[in-house]
2 protein chains.
Amino acid sequence: MNGAQALLHTLADAGVEVCFSNPGTSEMHFVAALDTEPRMRAVLCLFEGVATGAADGYARMAGKPAATLLHLGCGLGNGLANLHNARKGKVPIVNIVGDHATYHTQYDAQLQSDIETVARNVSPGFVRTAQSTAQLGHDAADAVQAARGLPGQVATLILPADVSWSEGGAPCPMPTQPAPEAASASAVAAIAQVLQSGAKAALLLGPQALREPGLLAAARIAQACGVQLLSEVFPTRMERGAGLPLIERIAYLAELASVQLAPLEHLVLVDAKSPVSFFAYPGKASDLVPPGCQVHTLSTPAQDAVASLERLAAALGASQVTPRLQAPQRPERPRGLLTAPKVCKAVGHLLPEGAILIDEAITSGLMLYSMTAGGPRHDLITLTGGAIGQGLPNAVGAAIACPERPVIALIGDGTAMYTIQALWSMARENLHVVSIIFNNASYSVLNVELERVGAEEAGPKAQSQLDLKGPVLNFSQLAQGMGVHAVRARTAEDFCQALEYALAHPGPHLIEAMVPESLAGAKRKVLPWLLKSLHHLPPSVAQALKRKIAP
Amino acid sequence: MNGAQALLHTLADAGVEVCFSNPGTSEMHFVAALDTEPRMRAVLCLFEGVATGAADGYARMAGKPAATLLHLGCGLGNGLANLHNARKGKVPIVNIVGDHATYHTQYDAQLQSDIETVARNVSPGFVRTAQSTAQLGHDAADAVQAARGLPGQVATLILPADVSWSEGGAPCPMPTQPAPEAASASAVAAIAQVLQSGAKAALLLGPQALREPGLLAAARIAQACGVQLLSEVFPTRMERGAGLPLIERIAYLAELASVQLAPLEHLVLVDAKSPVSFFAYPGKASDLVPPGCQVHTLSTPAQDAVASLERLAAALGASQVTPRLQAPQRPERPRGLLTAPKVCKAVGHLLPEGAILIDEAITSGLMLYSMTAGGPRHDLITLTGGAIGQGLPNAVGAAIACPERPVIALIGDGTAMYTIQALWSMARENLHVVSIIFNNASYSVLNVELERVGAEEAGPKAQSQLDLKGPVLNFSQLAQGMGVHAVRARTAEDFCQALEYALAHPGPHLIEAMVPESLAGAKRKVLPWLLKSLHHLPPSVAQALKRKIAP
C-alpha cells in the first residue's frame, strides 16, 4: 500500500468522505489512489477557492470535515481566502496540499515555495509536512483530530509527492477525541448572579450555540431573566425559522451596532468573540462594547457551549421554562419592478421547508434576515471571515452534505465573480442549488464605505473603482457557459416564477436579479439611508433610531 | 496631503503610472486619492489574481513596474499565484496591500491576518508595513527601488488604513538606482577559454539576455565559437521572429530535456538558473545537467547580462561577427477540421508585425514556438512560475503597456478558468487582445503526468479528476457574459477567418478553438506520443530522437 492509499483509507475510516480537489502533477498518486477507496467521493473544482469554500460549506452542514486537495503553495494561495473564512467560523477542514518530492525541493524548481509559511495564517493550530510514508497514516489521523476538535479548525497536511507514492503506508485508526468541558460551576454561578441582578444583559451566541439545542437553552434563559439574545454579525451556521427562537444579529455597520449595544450593562459570550468593528473608521471606536458594559465569558470556543448553556439554565431554574419561539409568518408575494428588498421578500414568501440559505449579498441582502425569520425551518450560512467569494463555493459543499435539501444562495455581483467557477461544479455534480445573483452593476457596499471612512470627495477615477458598468456582467450567460440553467428577472413576478420553477426542478439554477443599486441614496449621506431603512434593521436598532427621529 | 496622496505622487514621480486594483474598505482613501494624481491610471480588476497577473504582464512589456492595490491578507492570498509567477520571472511589481488601521489590528476583526507572513514567499526581498504617514513616501520610494533593481522583484508595501488617511504625507524623490555590474574580467576570460576549447557548450539565456541586445551578442558568440543558444523552459519575455537569432528552449518534459542537454560538456548561465526538472518523478533525476557537464556562471541575475555578453563577445574577438539570424518564414494556411497544431499553424500564418504572444497552452500550444519562429518580429511571454492562470491577466497588462500592439494569448481550457475574470477588464479597457482558448475538455497535461509519475492504473474516479466534461465549458458564452466578442471555431477555415477578423478590429475578442485532446495518444504511453511529435520538439531533441528511432 502506498502513502496515498494509506492516507485515503485513514481519512475514510475517520469519516472524511468527500474530497474537494484541484490537483496537479504532484498529486497524481493521490488521484490514482481514489479508486482504491470506495468511501471517498472526489469533487473536482476548477479553482482552489471553490475547493476550499466547498469544504467549508460541507463541514458547516455535515458537522464533520471534508478534505481538500490542492497543488503546492500557489494552489494553497488561491484557496486561502475561503480557508480564512472557515478559520474565522471555526469550521473543520482537512486541508491537503501536495508538494514536490522531499529530495526535489533543494532544486528550487518553478513551483517551489515554502508551503508551511503560506498556511500559517489559516492553520495556526496544525500545519505539518509529512516526512515518511510509514508515518503518513498517523499524520492524517492527527490532522482529522485537530480539525474536528473544539474549536473546529483548518488542519493543513502537506504531502510531498514521494511520501505519497512510496510503498509502506498503513492506515491509522483515529485516536479517541477528548470530550470538551463545559463551563465551570463557579463561572455559571457568577453569570447566573449577573443575569438575575435585573441589569440589562445579553447573551452573544457563537457557532456552537446557534443550533437547536443551544438556541432552546438560550431562549429558556432569556425567558427566565429577560436577557437579550444576540448572534455575531456573521454566524457560521444558524438554525432558524418558525418554531425556533429568533436571534437578533449584531449589525454590520458599527454605527448601527453601537446603537444596538448601547443599553447593555452586561454581555455574556457563549463561544463568541467580544464585538469589534469590522473595519476601522477615522474617529470611531473599534471596540463595540459600550462604556461601562461588562463582558463575561460563559464558554470559550474550546468548551462545550450547549452543555454550558444548559448548566446556566439549570442554575437559573429555567430548565423547564417554555421558551418564546418564532411564530410562522411569511411576507406577501412581491409585485412590480424588481428591487433587492423584493428579492428578499420573494425568498421569504417561497422559502421551502429545510432550505439552506447562504447570504453573501451584503447590501442587497439586508432584508433577507427579517423576511425569512418566520419561514419554515431552515439554516443560514454567512460570510464569517469577510473574504468575499465564499457563497457559491459554500453552496456546492452544503448541497453535497445535504443532497435532500434545497440550497438557496444570495450573492452580490461583485462577490460572485471571485469564485464564479463554482457554477461548473454545481452542474457537474447536478446539485440542487439556486444561485440568486443581485446584478446592480456596483460594488455597492464600497460606495457606503467610501463615505464612512471620510473620503467623501470621490472624483471620477475613484468612482470608476466602485462600479461594475462598462460592460455590465451577464450572469445568465456566465452560468449557461458553465452548464447551469439561468434566467434574468426584471420584475418581481418573473423572479417569483423563476424561483418556483427552480425549486420544483432539482438541479442547479441561476436567477439573475436585475436590480437598482440598493444603497443609491447612501452615496451622499449614510444617515438618511439609515433612517429610510428601519425595516432593514435589527429590531432593537430600529426602535432606538425611531426614538431618535421622533423624540 | 494625506498618506495616500503622498504615496500616489511618489509612485508617479518614480514612473509608476498604472495601478491594477481590487480595493476594499481599507483602501478607500487610496481610491479617493486617485483623482489627485493625473499621472496614475487605475485599472479595476474583478479578482486579485487578475490584478497581480496584469501587473506582471505590464512590467514584462513596459520594462518598469506597475502597482497593485489589494485588500488585506485575503486579497493578497488571491493574488499570490501570479505574484509567484512574477517572482520566478524576476519581474518588478510594487505590490500594495491595504491593512486595518494600526490601532485596529489588536481587535482581531474578521479580516485580520498576518499579511507580512502571507507575502513572505513572493516578496522575499522587500516586505514592509508602513508605520507612519510622514515616512510613507520614503517607504514607497524604497519599494519602487527594490522592485526595479536587478533582479526585478515583487516589493510588497503594506498600507495600514490610518497611515493612508492621516495628514502629514510628503512625496519622496527616488534615490539613485545603483548601476548593475557586468561579469568580471576573470569570469569572462575563464568562460572564453572554455568556449574556445572546442568542447560542446551552450549558453543558457535568462530574461535579461532574451531582448535584442543580449540576443545579438549571444548570437555573435555562437557564430564565433559554435556554441548552442538555449533559453529556460519558460522565458519571462523573449524577442523573436525573422531578423533575430533563433533560440532553442529547454523542453518542459524532463525526458526530452535530458535528450536535449545530453551532449553538453559545458553549460554557461547568463541570468539563468541551472536546469532542473519541473516536477520530481519516481526514479528520474531532478537535476537536468548531464553527468560530467560543467556549469559556469557568466552573470548572475543581479548582474548586467547584456554588458556581460558583450564583454564575452569582445574577449572572443566576436564583437563584429555577423550573427546568424532567422529568415522570414511562415507556415501555410491550415485547412480542414480544427486541431491544436492547426491553431498554432494559423497563428504563425497570420501573426502580425509587433504582436505580443502569450503562451499558456502547455499541451495544445506545443507547436506554437516552431510555427512562429520565422514570423514577423514579436514578443513571447510564458508561464514562468508554473502557477496556471497567468495568461489572460498577463494579456491585460501587456495590452495596457503597449496599446499600439496586438496581443494574442493562447490559453488552455483548464488554465483559463483560474482567472477568467480578466476578460471583463479587457472589455472595460477596450484592449486589443485576442484570447484563443483551446477547448479540449480536459486537463490534458495531467493525463500525461499521471502516467509519468508511474500511476498508470487510473480508474474512473481518477480519470474524472482530469477531464472537464459534463458539462463542457462554453467559453464563448463566458466571454460574452463579460462583454467580450467571441466565436467558436471547429474548422481551420473558421478559425483563420475569426483570427483575421479579430486582428483587423481593435478591441477584445475571444476565439474558442474546439479541438480534440492533443495528447490523446499519450494516455497509454508517453513514448509513442513523443515519437509522433518530432515536429513539436526543439531541433536538437528531434534530431537525437530520430537517431534513436532509426539507428
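How many Å separate the centres of domain 1 of chain A and domain 3 of chain A? The legends below describe a predicted model.

**View 1. Domains of chain A.** The domain assignment divides chain A into domain 1 (3-165), domain 2 (185-315) and domain 3 (340-549). The centres of domain 1 and domain 3 of chain A, taken over C-alpha atoms, are separated by 30 Å. In their contact, domain 1 of chain A takes part with 24 residues. Domain 3 of chain A takes part with 25 residues.

**View 2. The side of domain 1 of chain A that touches domain 3 of chain A.** Helix H3 (48-62) and helix H4 (72-88) of chain A each supply at least two residues here. H3(A) gives the most, with eleven residues. By class, this side of domain 1 of chain A has 13 nonpolar, seven polar and four charged residues.

**View 3. Chain B against chain A.** Here 82 residues of chain B are in contact with 82 residues of chain A. On the chain B side, helix H4 (residues 72-88) gives the most, with eight residues. The residues on that side of chain B divide into 43 nonpolar, 29 polar and ten charged.

**View 4. Gly507(B) and its surroundings.** Gly507(B) sits in the loop between helix H20 (492-504) and strand S18 (509-514) of chain B. Is this residue buried, partly exposed or exposed? Gly507(B) counts as partly exposed because it has 15 C-beta neighbours inside 10 Å; a buried residue needs 20 or more, and an exposed one has 12 or fewer. Leaving out residues up to four places away in sequence, Gly507(B) touches Asn430(B) and His432(B). His485(B) is 22 residues from Gly507(B) in sequence. In space, the two are 8.7 Å apart, C-alpha to C-alpha.

Key
Residues are numbered from 1 along each chain as its sequence is written. Chains are lettered from A and ligands numbered from 1 in the order in which they are written. This is a predicted model: local features need pLDDT of at least 70, side-chain atom pairs count only at pLDDT 80 or more; totals for chains, interfaces and linings use all residues. Two residues are in contact if their C-beta atoms, placed from the backbone, lie within 7 Å. Helices (H or I, at least four residues) and strands (E, at least two) are DSSP runs, numbered from the N terminus. Ala, Val, Leu, Ile, Met, Phe, Trp, Tyr, Cys and Pro count as nonpolar, Asp, Glu, Lys and Arg as charged, and the others, Gly among them, as polar. Domain bounds come from an automatic or database domain assignment.
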